[in-house]
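Let's take a walk through a protein together, one stop at a time. Keep the picture open beside you and look up each residue as we reach it.

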Amino acid sequence: MDAANDVESAAAAGADDGARPSPDALMRFSEAVRGWFLDAFPAGPTPVQEQAWEAVEGGESALVIAPTGSGKTLAAFLFALDALMREKARPAATNPPRGVRVLYVSPLKALGADVERNLQAPLAGIARRLADEGAPAPAVRTGMRTGDTTPDQRRAIQRNPPDILITTPESLYLMLTSKAREVLRGVETVIVDEVHALAGNKRGAHLALSLERLDDLLERPAQRIGLSATVRPREEVARFLGGPHPVRVIAAEGRPDLDVRVVVPVRDMTAIPVFPGADAGGLRAG
């Protein structure tokens with residue numbers, strides 16, 4: 001999944017099957033989250049987002065299958081972001097620290113970095129909406145733990161764990177087999193991105209074992225959300241994702257209606273002008 005395109009293109013995305021967003025789809029969220037979402041995406045949620053939010057609200061695990069631009073990132077994260085904001089807005093006496101609440105697992109470190117960067121837009125936007133309403137804006141923190149994380153950074157995660165931790169299957173295994181597992185005892189949601197790249201291979205089997213080890217740490221099994229642009233066979237991948245738990249398959253049947261434009265700096269790319277002080281190749285001489 002291209003996380004940047006997925007978040008930024010969702011406003012222009014729609015399904016070819018003619019499905020229209022429900023006016024009630026956003027009512028499950030707080031006013032600040034609804035306001036931010038409609039400011040960012042005036043067309044409203046995509047059908048796959050509506051279905052995913054319904055499943056997540058009902059406590060179901062879900063496998064979300066949709067092409068890039070259908071809003072899979074927010075389909076997986078928005079409900080958890082709203083829950084974190086609501087909880088952190090409560091008085092400190094009723095809101096003790098709980099460590100990592102949302103665990104995002106990606107087979108690619110670069111994708112994880114993209115997701116962490118793209119989460120800042122909704123987090124900042126929701127905080128601004130709260131500030132405009134005169135309400136305190138809780139700080140929801142993100143963090144990364146991969147093979148590139150330094151020892152000092154790993155210790156910092158243990159001392160002051162983020163609310164959302166972005167990691168890889170291998171780093172999750174290392175955390176679960178060390179004292180670092182203590183920061184994971186409050187995890188409620190696990191998001192597995194590019195799940196098709198893990199199902200059916202040794203790396204995926206390793207992750208499946210880690211997810212069961214994680215559940216053993218928790219008071220109750222974490223809700224699992226898998227994301228992929230393409231999965232076959234769907235039922236097999238859903239079984240891989242859920243392990244012993246049922247998983248609802250949510251698939252976008254149509255292709256997203258993307259607004260794609262090509263913008264060039266000159267009218268004719270076959271006759272690029274040479275500007276003063278530039279050589280024939282368009283570069284400044286010397």
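Start with a group of rings: Phe29, Trp36, Phe37, Phe41, Trp53 and Phe79 are linked by ring pairs into a cluster. Before going further, keep in mind that you're looking at a predicted model. A search of the whole structure turns up seven aromatic pairs. Two of those that involve tryptophan 36 are worth a look. To talk about a pair of aromatic rings, you give the distance of the centres and the angle of the planes. For tryptophan 36 and phenylalanine 37, that's 6.1 Å centre to centre and 75° between the planes, an edge-to-face pair. Tryptophan 36 also pairs edge-to-face with phenylalanine 41, at 5.9 Å centre to centre and with 85° between the planes.

Tryptophan 36 has a relative accessible area of 10%, so it falls on the buried side of the cut-off, which is under 20%. Phenylalanine 41, with a relative accessible area of 5%, is buried too.

Now zoom out to the helices around here. Helix α2 (residues 31-40) packs against helix α4 (residues 72-88) at an angle of about 150°, and their axes are 10 Å apart. The crossing of these two helices is right-handed. Which residues of α2 and α4 make the contact? On the α2 side you'll find Val33, Trp36 and Phe37, and on the α4 side Leu74, Leu78 and Asp82.

Next stop, helix α3 (residues 47-57). This helix is mostly covered, with eight of its 11 residues buried. The buried ones in α3 are Pro47, Val48, Gln49, Glu50, Ala52, Trp53, Ala55 and Val56. What covers the buried residues of α3? The cover includes α2 and α4, along with the strands β1 (61-65), β6 (223-228) and β7 (247-251). After α3 comes glycine 59, which has a positive phi, near 80°.

Let's step back for the whole chain. The protein chain has nine helices and seven strands. Of its 286 residues, 45% count as buried. Take the contacts between residues at least 6 apart in sequence: 75% of them join residues at least 24 apart.

You'll find leucine 184 in the loop between α7 and β5 (189-192). With a relative accessible area of 0%, leucine 184 is buried. What does leucine 184 touch, not counting residues up to four places away in sequence? Its partners are Val100, Leu103, Leu165, Leu172, Met175, Leu176, Leu214 and Leu218. Arginine 101 is 83 residues away from leucine 184 along the chain, yet their C-alpha atoms are separated by 7.5 Å.

Our last stop is charge. Side chains of opposite charge can pair when their charged atoms come close. How many salt bridges does the structure hold? There are 16 salt bridges in the structure. In one of them, aspartate 148 meets lysine 109, and the closest N and O atoms are 3.2 Å apart. This pair links distant parts of the chain, 39 residues apart: aspartate 148 sits in the loop between β3 (142-145) and α6 (151-159), while lysine 109 is in helix α5 (residues 109-132). Aspartate 148 counts as exposed because its relative accessibility is 57%, whereas lysine 109, at 39%, counts as partly exposed.

Another salt bridge joins the side chains of arginine 203 and glutamate 170, at 2.7 Å from N to O. This one also links distant parts of the chain: arginine 203 belongs to helix α8 (residues 202-217) and glutamate 170 to helix α7 (residues 169-176), 33 residues apart. Both partners count as partly exposed, with relative accessibility of 31% for arginine 203 and 32% for glutamate 170.

Finally, look for arginine 185 and glutamate 182, whose side chains meet in a salt bridge of 2.7 Å, N to O. Elsewhere, salt bridges with shared partners join Glu54, Glu60 and Arg248 into one network.

Technical notes:
Residues numbered from 1 in each chain as written. Predicted model: local features only at pLDDT ≥ 70, side-chain atom pairs only at ≥ 80, totals over all residues. Heavy atoms only, no water. Salt bridge = Lys/Arg side-chain N within 4 Å of Asp/Glu carboxyl O. Helix = DSSP H or I, 4+ residues; strand = E, 2+ residues; numbered from the N terminus. Buried < 20%, exposed > 50% of the residue type's maximum accessible area, 1.4 Å probe, protein only. Axes fitted to C-alpha atoms, helices over the stretch in contact; angles between N-to-C directions. Left-handed = near helix turned anticlockwise from the far one by under 90°. Contact = heavy atoms within 4.5 Å. Phe/Tyr/Trp six-rings, centres within 6.5 Å; stacked < 30°, edge-to-face > 60°.
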